[in-house]
Amino acid sequence: MLNQIIIKTMPFIPKSIIYLFAKKYIAGPELKDAVAVTQELMKINGSSTIDVLGEFVTSKDRANLEKNMSIEVLNAVQANALDTYLSVKPTSLGLGLDFDFGLSNIREIISIAKSKGIFVRLDMENSPYTTATLDLYKKLRDEGFDNVGFVIQAYMKRSIDDVTALLPYKPSIRLCKGIYNESETIAYKGYEEIRTNFKKLLDLMLDNGLYVGIATHDEALIQYGLKKVSEKKLKHEEYEFQMLLGVRENRRDELLRQGHRVRIYVPFGHDWYGYSSRRLKENPQMVGHIVKSIFGLNKN
Ligand SMILES: Cc1cc2nc3c(=O)[nH]c(=O)nc-3n(C[C@H](O)[C@H](O)[C@H](O)COP(=O)(O)OP(=O)(O)OC[C@H]3O[C@@H](n4cnc5c(N)ncnc54)[C@H](O)[C@@H]3O)c2cc1C
């Protein structure tokens, strides 16, 4: 209820105030901010994945600008020898406008990344783009690019089939719950059912020897991941945990101290307002987290 009220009043709150709440989750408006955050993470043996803020684009010109920004990130990663990779949202590169146009932009990024030894993750967006994003992945792998991976959302009922179909590629997968508002015909809605599917998916991936980015702050799932990797006697370099910038930092640091790989999702860019408000609308619970963090109530 409180969450809904805050969301409805957001347009009337000055951006400068919203920024005070949002900045914990965003590196800053400039690429140098994401570089600095990654350098700080590297001091504690952490790594990152850098994301240029911006999602669905409505023109090819805008998608080309987004592509150029991703290429700037790749140059900065190389110039600063950062322990990071690039995460891209396929619709921000034009996938929603025209598949071949999006593919050609993403291919250009992945090809430059490959020449620099950098990995690129295709973030997973809402369900109209799930098939297209997985098709992109297959196409790029069939063309010989091995520096690309994708994301699987545990709330999607199709995810087990998607992973099973893609097993022959031995893909690198980020496994997360999923953040978009999907209909119950295609997505699990209950907290426990999503957790159960997350566990099933993690089993399927690890049992098939895939490299998984276990992307969650949910303690029950972190514990499950720890149990699985220990049972399977996986080495630290055979899996990783992933978290969002600004969330459960104490837990992140604990995992790092225990020797696990932890990669932090580091978004930056001038579109921070759009990102923050979309995140809030998609997942109103985040409002609660933000309010708690303002009042210092968030237990990390
Ligand atoms: C690295 C990474 C990449 C992601 N990429 C994608 C993607 O490509 N596509 C996609 O759909 N989704 C993506 N997500 C988002 C993901 O799907 C979830 O919406 C998000 O991670 C919350 O789910 P959870 O597993 O942490 O569980 P939750 O049940 O939401 O959270 C568990 C606990 O974590 C803490 N917590 C969670 N969020 C916050 C917060 N914002 N502030 C403070 N505490 C918090 C709280 O204590 C909460 O009780 C990504 C998440 C991560 C970590």
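Biologist: Which residues of helix α10 are buried?

Modeller: Buried means under 20% relative accessible area, exposed over 50% and partly exposed in between, with a 1.4 Å probe and protein chains only, while helices (H or I, at least four residues) and strands (E, at least two) are DSSP runs numbered from the N terminus. In α10, residues 249-257, the buried ones are R251, R252, L255 and L256. They lie on the same side of α10, because they cover an arc of only 140 degrees around the axis, the arc being that of the directions from the helix axis to the C-beta atoms. An α-helix has 3.6 residues a turn, so residues three or four places apart point the same way.

Biologist: How far can I rely on such details, and how are they counted?

Modeller: This is a predicted model, in which local features need pLDDT of at least 70 and side-chain atom pairs count only at pLDDT 80 or more, whereas totals for chains, interfaces and linings use all residues. Residues are numbered from 1 along each chain as its sequence is written, and side-chain values use heavy atoms, with hydrogens and water left out.

Biologist: What covers the buried residues of α10?

Modeller: Taking contact to mean heavy atoms within 4.5 Å, the cover includes α3 (31-43), α9 (219-231), β7 and β8 (262-268). Just after α10, G259 takes a positive phi of about 95 degrees.

Biologist: Is A63 buried or exposed?

Modeller: A63, which has its place in helix α4 (residues 60-79), is buried, with a relative accessible area of 0%. Leaving aside neighbours within four places in sequence, A63 is in contact with V57, S92, L93, G94, F101 and N105.

Biologist: How many residues surround the ligand, and which are the closest?

Modeller: A residue is near a molecule or strand if one of its heavy atoms lies within 4 Å of it; here 24 residues surround the ligand, and the closest are K177, G178, Y191, T216 and H217. The shell divides into 13 nonpolar, 7 polar and 4 charged residues, where Ala, Val, Leu, Ile, Met, Phe, Trp, Tyr, Cys and Pro count as nonpolar, Asp, Glu, Lys and Arg as charged, and the others, Gly among them, as polar. β7 gives the most to this shell, with 3 residues.

Biologist: Where does an oxygen atom of the ligand lie relative to the side chain of T216?

Modeller: An oxygen atom of the ligand is 2.6 Å from an N or O atom in the T216 side chain, and for H217 the corresponding distance from a ligand oxygen atom to a side-chain N or O atom is 2.7 Å.

Definitions and conventions:
Polar contact = N/O pair within 3.5 Å; in protein donor to acceptor, adjacent residues only side chain to side chain.
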